[in-house]
Amino acid sequence: MIEANPDDAEAWAELGVALRALQQPVESERAYRRALGLRPDYGVARHNLGALLAHLGRAEDALLEL
């Protein structure tokens with residue numbers, strides 16, 4: 001989906017979910033941030049990024065997103 005439309009924020013957020021499930025947190029964070037760069041008001045991506053950051057022990061960063 002991303003190859004067909006690299007500006008699809010939902011596709012980037014879903015990639016973030018998949019990458020987190022595959023235990024690739026750095027890549028997951030990048031995907032969420034890409035989604036938010038395209039659509040800053042995308043609440044699901046922002047929540048998922050915050051949850052990922054909290055899971056990684058980055059509490060201050062997580063609070064900024066949540």
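A residue is taken as buried when its relative accessible area is under 20% and as exposed when that value is over 50%. In this predicted model, Ser28 has a relative accessibility of 0% and therefore counts as buried. Ser28 belongs to helix 2, which spans residues 25-38. The side chain of Ser28 approaches the backbone oxygen of Gly16 at 2.8 Å. Leaving aside residues up to four places away in sequence, the contacts of Ser28 are Gly16, Leu19, Arg20 and Leu52.

Glu29 is likewise located in helix 2. With a relative accessibility of 14%, Glu29 falls under the 20% limit and so counts as buried. When residues up to four places away in sequence are not counted, Glu29 touches Leu49, Leu52, Leu53 and Arg58.

The packing of helix 1 against helix 2 is described next. The two helices meet at an angle of about 165°, and their axes lie 8 Å apart. Because angles over 145 degrees count as roughly antiparallel, helix 1 and helix 2 are assigned to that class. Helix 1 passes helix 2 in a left-handed crossing. On the side of helix 1, the contact is made by Ala9, Trp12, Ala13, Leu15, Gly16, Val17, Leu19 and Arg20, and on the side of helix 2 by Glu27, Ser28, Ala31, Tyr32, Arg34, Ala35 and Leu38. Sorted by class, this contact comprises 10 nonpolar, 2 polar and 3 charged residues.

Helix 1 (residues 9-21) also packs with helix 3 (residues 43-55), at an angle of about 25° and with the axes 10 Å apart. Since angles under 35 degrees count as roughly parallel, helix 1 and helix 3 are described as roughly parallel to each other. The crossing of helix 1 with helix 3 is left-handed. Here Ala13, Val17 and Arg20 of helix 1 meet Ala45, Asn48, Ala51, Leu52 and His55 of helix 3. The residues of this contact divide into 5 nonpolar, 2 polar and 1 charged. Ala13, Val17 and Arg20 are also listed in the contact of helix 1 with helix 2.

The loop between helix 1 and helix 2 contains Gln23. Although Gln23 is not a glycine, its phi is positive, at about 60°.

Definitions and conventions. Residues numbered from 1 in each chain as written. Predicted model: local features only at pLDDT ≥ 70, side-chain atom pairs only at ≥ 80, totals over all residues. Heavy atoms only, no water. Helix = DSSP H or I, 4+ residues; strand = E, 2+ residues; numbered from the N terminus. Buried < 20%, exposed > 50% of the residue type's maximum accessible area, 1.4 Å probe, protein only. Polar contact = N/O pair within 3.5 Å; in protein donor to acceptor, adjacent residues only side chain to side chain. Contact = heavy atoms within 4.5 Å. Axes fitted to C-alpha atoms, helices over the stretch in contact; angles between N-to-C directions. Parallel < 35°, antiparallel > 145°, perpendicular 65-115°, else oblique. Left-handed = near helix turned anticlockwise from the far one by under 90°. Nonpolar A, V, L, I, M, F, W, Y, C, P; charged D, E, K, R; others polar.
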